[in-house]
Amino acid sequence: MSRYYILLISLCFLACEDNSIKEEARKAVTRPTAFDPTMCYQLNKDAVPRFLNSKILEEIDQIQVDPKVQLSTNGMVQIKGGTFDMGGDSEQAREDEFPKNKTTVSDFWMDETEVTTAQYKQFVSATNWVTIAERTVDIEEIKAQLPEGAALPPKEALEPFSLVFQYPTAQVQSVNDWWDMRKGANWRYPLGSDSPPAKDNHPVVQISWYDAMAYCKWAGKRLPTEAEWEYASRGGQDNNIYPWGNEPVDDKLANYWQGNFPYTNENTDGFERLAPVKSFAPNGYGLYDMSGNVWEWCADWFHQNYYQYRKDNKEINNPEGPGNSYDPLNPTAWQKTKRGGSFLCNDSYCSGYRVAARMKTSADTGAEHSGFRAVRSVE
Ligand SMILES: [Ca+2]
Ligand SMILES: [Ca+2]
């Protein structure tokens, strides 16, 4: 999913361009750029991939770390590292979850809940960070994705917006049919400016990958790798499908979608959209909502072939993800990974609440069902 892609489709400006050369280049896994796991993000500017926005990374770089938050482990749990089999455990698992790989992660701290609106508010008060969803769409980004000479969108189409779930009124053809580009939707007003403000004890949403990274910089934390996230989600159990074991998901275990997605939400878990964090029991490590509620950004790029690459190269210790992105379903996008599923997940659609399930989204895209939690390495 990409903020600009959806915008371009909605404007009927998406033109066919020959991306075959770019796509070929992306299919091979390349090595990660320089990555210091003790840092909140890739500080080596020479190594910043050209498909990240260097202007926004520069802004993140300028954020001052809050020394008090940096030293605090309040609301975090320490997870003892170890070795596990990373990857799919059931017939619901997708191709990108295979092959399973023996994986070792070091000790780390992890937020026990998704980062809440209250926590994000504290960060914004301290830094005046403006999230991507609150910014006017960058016309240069649009130009870069249009063929030369194509007409540019009208100014009003560039007003700040973010993606809000809407019940479709007809048979859906694609995911774009249930995402509304809602003007004024952002972390303060997740459903748009005419709707109620975000609740303090809800996970913060409408957060792009950059917005999550910015918070991490301030808090002296970082985003988890996919390996760390999956290890944490498994809660000390081996090769189980869910954080709670192998018992199928039900409305007592997580905030997800009961009913016929995306048409009818039976809502038997009591939460049509977001739930307050800690509404469901924690996993074996004391982590809440690792399944459902909101998707959680990870540090890694998404690459369809990365697990096979890891197997071929016997990459076991603290894998940091590939150095590039490739998704056959969306071959022109550069996407970061997300984990854990959301209130929109259902077995008939994504079963994203499985510990091994992976999602991918462009770094600039926030949505009503996406937030994050942060980690810190144990020194
Ligand atoms: Ca629900
Ligand atoms: Ca979650």
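Two strands pair if DSSP finds at least two bridges between them. Strands (E, at least two residues) and helices (H or I, at least four) are DSSP runs, numbered from the N terminus. The model is predicted: local features need pLDDT of at least 70, side-chain atom pairs count only at pLDDT 80 or more, and totals for chains, interfaces and linings use all residues. Residues are numbered from 1 along each chain as its sequence is written.

**Exercise 1.** Find the bridge partner of I79 in strand 4.

*Solution.*
- Locate strand 4 at residues 108-111.
- Strand 1 runs antiparallel to strand 4, and four bridges join them.
- The partner of I79 is F108.

**Exercise 2.** Work out the strand order of the open sheet and its edges.

*Solution.*
- Three strands line up as 1-4-13, with antiparallel pairing.
- Strand 1 (76-79) and strand 13 (375-377) each have a single partner strand, so one side of each lacks a neighbour in the sheet.

**Exercise 3.** Describe the largest nonpolar core and the contacts of Y210.

*Solution.*
- Define the core: buried Ala, Val, Leu, Ile, Met, Phe, Trp, Tyr and Cys residues joined through C-beta atoms within 7 Å.
- A residue is buried if 20 or more other C-beta atoms lie within 10 Å of its own, with C-beta atoms placed from the backbone.
- The largest core has 76 residues; Y210, A212, M213, Y215 and L223 have the most contacts inside it.
- Helix 7 (residues 209-219) gives the largest share of this core, nine residues.
- Contact means C-beta atoms, placed from the backbone, within 7 Å.
- Leaving aside neighbours within four places in sequence, Y210 contacts I56, I60, I132, A363 and D364.

Technical notes. Chains lettered and ligands numbered in written order. Buried ≥ 20, exposed ≤ 12 C-beta atoms within 10 Å, placed from the backbone. Contact = placed C-beta atoms within 7 Å.
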